[in-house]
Structures are given as C-alpha cells and as structure tokens.
Amino acid sequence: MKKILVVTGTRAEYGLLYWTMKAIQNDQDLELQLIVTGSHLSKEYGYTIEQIKKDGFNIDEEIDMIIDSTRKSALAKSMGLELIQMAQAFDRLSPDVLLILGDRYEIFVAATCAKMMNIPIAHINGGESTEGAIDEQIRHAITKMAHIHFTGAEFYKERIIKMGEEPWRVYNV
C-alpha cells in the first residue's frame with residue numbers, strides 16, 4: 001500500500017484538494033496521510049480544521065506554526081518552526097510521496113522538507129502565474145523541487161516543460 005501524504009495550510013487549497021483526498025481515501029491500494037497546518041489552526045481565520053474533521057478525514061498531524069507579530073522576521077520564524085515539526089512528522093509517517101498544491105509558504109516548507117528527506121513530491125497547479133506577489137517565486141521553487149506535476153491547463157504544462165522539467169513528468173489534468 002502506497003502512503004500519500006497531503007499537506008494543507010489554507011481553506012482555499014483544501015477546497016481544491018478535497019476530491020483528490022477523497023479518491024485517495026477510497027482507494028484500497030492507497031493510504032491517505034494528512035498534515036494540517038497554517039491558517040487551519042487559527043481562530044482568527046475560522047479554525048477550519050473543524051471542517052476537515054467534519055468532512056471525514058483523519059488528521060495524522062497538526063503543525064501549529066503561525067507567529068503572530070508585525071515584525072518582518074515573523075514569517076521566516078514561522079517557517080522555521082514548521083520545518084522542524086514537518087521533519088518530525090515525515091519521520092513518523094514515512095510517506096511514499098508528498099502531494100501538495102499551490103504556492104503558499106506553508107507548502108513551500110513542506111516541499112523543502114520532503115526534498116531534503118528524499119521523499120518524492122507531486123505538485124498540483126504549478127506553472128501558473130501571480131504577478132507582483134511572492135507566490136510567483138514560491139510556486140516556481142516548488143515546481144523545481146517536484147518530481148511529478150499536475151497542471152490545470154495545457155499552457156501551464158508547457159511553461160513547466162520550458163522550465164526544464166521532463167515532459168513525461170508533467171500532466172495536464
């Protein structure tokens with residue numbers, strides 16, 4: 001049985017992952033593992049972990065990492081806390097592949113951790129563009145770390161291939 005680890009940090013990306021997670025959960029040859037982090041664990045952002053539980057998903061790990069501060073260093077410190085806890089969770093769960101979506105910093109940390117621990121990465125929604133936002137650089141960095149790419153349009157698939165990724169690793173879904 002292959003263990004597919006999904007990391008989710010926001011309501012928006014969870015909504016996009018929902019049906020894929022259900023399909024993994026219902027496949028007898030796959031085991032869904034789930035790490036919930038970021039704004040899912042924040043009362044300020046609706047404590048959306050409750051919705052994930054209500055949807056019938058078993059949460060293997062909760063990684064609380066948001067530092068509430070106006071200092072410029074707060075985000076980098078939050079990422080550091082997440083990386084430490086993510087490494088511990090990956091050690092414990094021993095996933096066969098990490099499945100992530102998008103371009104948020106929480107997902108960047110998960111990808112970085114998986115890369116350093118030699119865990120294959122499957123990335124959804126790479127190749128897209130967000131002008132003027134840090135998301136652009138984060139998404140492309142995740143794309144370069146990933147082993148398999150699932151894009152949302154043929155144009156994005158071609159963009160990833162132009163970034164040097166092997167065509168057989170990129171799927172327009």
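Which residues form a nonpolar patch on the surface, and what accessible area do they have together? The legends below take up this patch and then other sites in turn. The structure is a predicted model, in which local features need pLDDT of at least 70 and side-chain atom pairs count only at pLDDT 80 or more, while totals for chains, interfaces and linings use all residues. Residues are numbered from 1 along each chain as its sequence is written, and side-chain values use heavy atoms, with hydrogens and water left out.

**View A. The nonpolar surface patch is formed by Trp168, Tyr171 and Val173.** Together these residues have about 370 Å² of accessible area, as given by the Shrake-Rupley method with a 1.4 Å probe, where for residues only the protein chains shown count as cover. Patches are made of residues with over 30% relative accessible area and no salt bridge, like charges being joined within 9 Å and nonpolar side chains (Val, Leu, Ile, Met, Phe, Trp, Tyr) within 5 Å. Trp168 is placed in the loop between α6 (154-162) and β7 (170-172); helices (H or I, at least four residues) and strands (E, at least two) are DSSP runs, numbered from the N terminus. Trp168 counts as exposed because its relative accessibility is 51%, where exposed means over 50% relative accessible area, buried under 20%, and partly exposed in between (1.4 Å probe, protein chains only).

**View B. The largest pocket has a volume of about 240 Å³.** A pocket is found on a 1 Å grid over the protein atoms alone, as an open set of points where a 1.4 Å probe fits, with protein on both sides within 12 Å along at least five of seven lines, and its lining residues have an atom within 4 Å of a point. Grid points are joined across faces, edges and corners, and the volume is the space filled by probe spheres set on the points. The lining includes Ser39, Tyr45, Asp64, Asp68, Arg104 and Glu106, and its residues divide into 4 nonpolar, 3 polar and 5 charged. In this count Ala, Val, Leu, Ile, Met, Phe, Trp, Tyr, Cys and Pro are nonpolar, Asp, Glu, Lys and Arg are charged, and the others, Gly among them, are polar. Asp68 lies in the loop between β3 (61-63) and α3 and is exposed, with a relative accessible area of 73%. Between Asp68 and Tyr171 there are 38 Å in space, C-alpha to C-alpha, and 103 residues in sequence.

**View C. The second largest pocket has a volume of about 190 Å³.** Its lining consists of Ile4, Thr20, Ile24, Val97, Leu99, Ala122, Ile124, Phe150 and Val173. Two or more of the lining residues come from each of α1 (11-26), β4 (97-101) and β5 (121-124). By class, the lining of the second largest pocket divides into 8 nonpolar residues, 1 polar and no charged.

**View D. Asp103 and Arg139 form a salt bridge, with their closest N and O atoms 2.3 Å apart.** Asp103 lies in the loop between β4 and α4 (105-116) and Arg139 in helix α5 (residues 134-145), so the pair ties together parts that are 36 residues apart in sequence. Asp103 counts as buried at 12% relative accessibility, and Arg139 also counts as buried, at 4%. A search of the whole structure finds 5 salt bridges, each being a side-chain nitrogen of Lys or Arg within 4 Å of a carboxyl oxygen of Asp or Glu.

**View E. Lys144 and Glu165 meet through their side chains in a salt bridge (2.9 Å, N to O).** This pair links distant parts of the chain, with Lys144 in helix α5 and Glu165 in the loop between α6 and β7, 21 residues apart. Lys144 is partly exposed, with a relative accessible area of 42%, whereas Glu165 counts as buried at 10% relative accessibility. A salt bridge also joins Arg169 and Glu166, whose closest N and O atoms are 2.7 Å apart; Arg169 counts as partly exposed at 21% relative accessibility, and Glu166 counts as partly exposed at 38%.

**View F. Ser94 and Asn118 are residues other than glycine with positive phi values.** Phi of Ser94 is near 45 degrees, and Ser94 is found in the loop between α3 (73-93) and β4, where it counts as partly exposed at 41% relative accessibility. For Asn118, phi is near 60 degrees; Asn118 is placed in the loop between α4 and β5 and counts as exposed at 70% relative accessibility.
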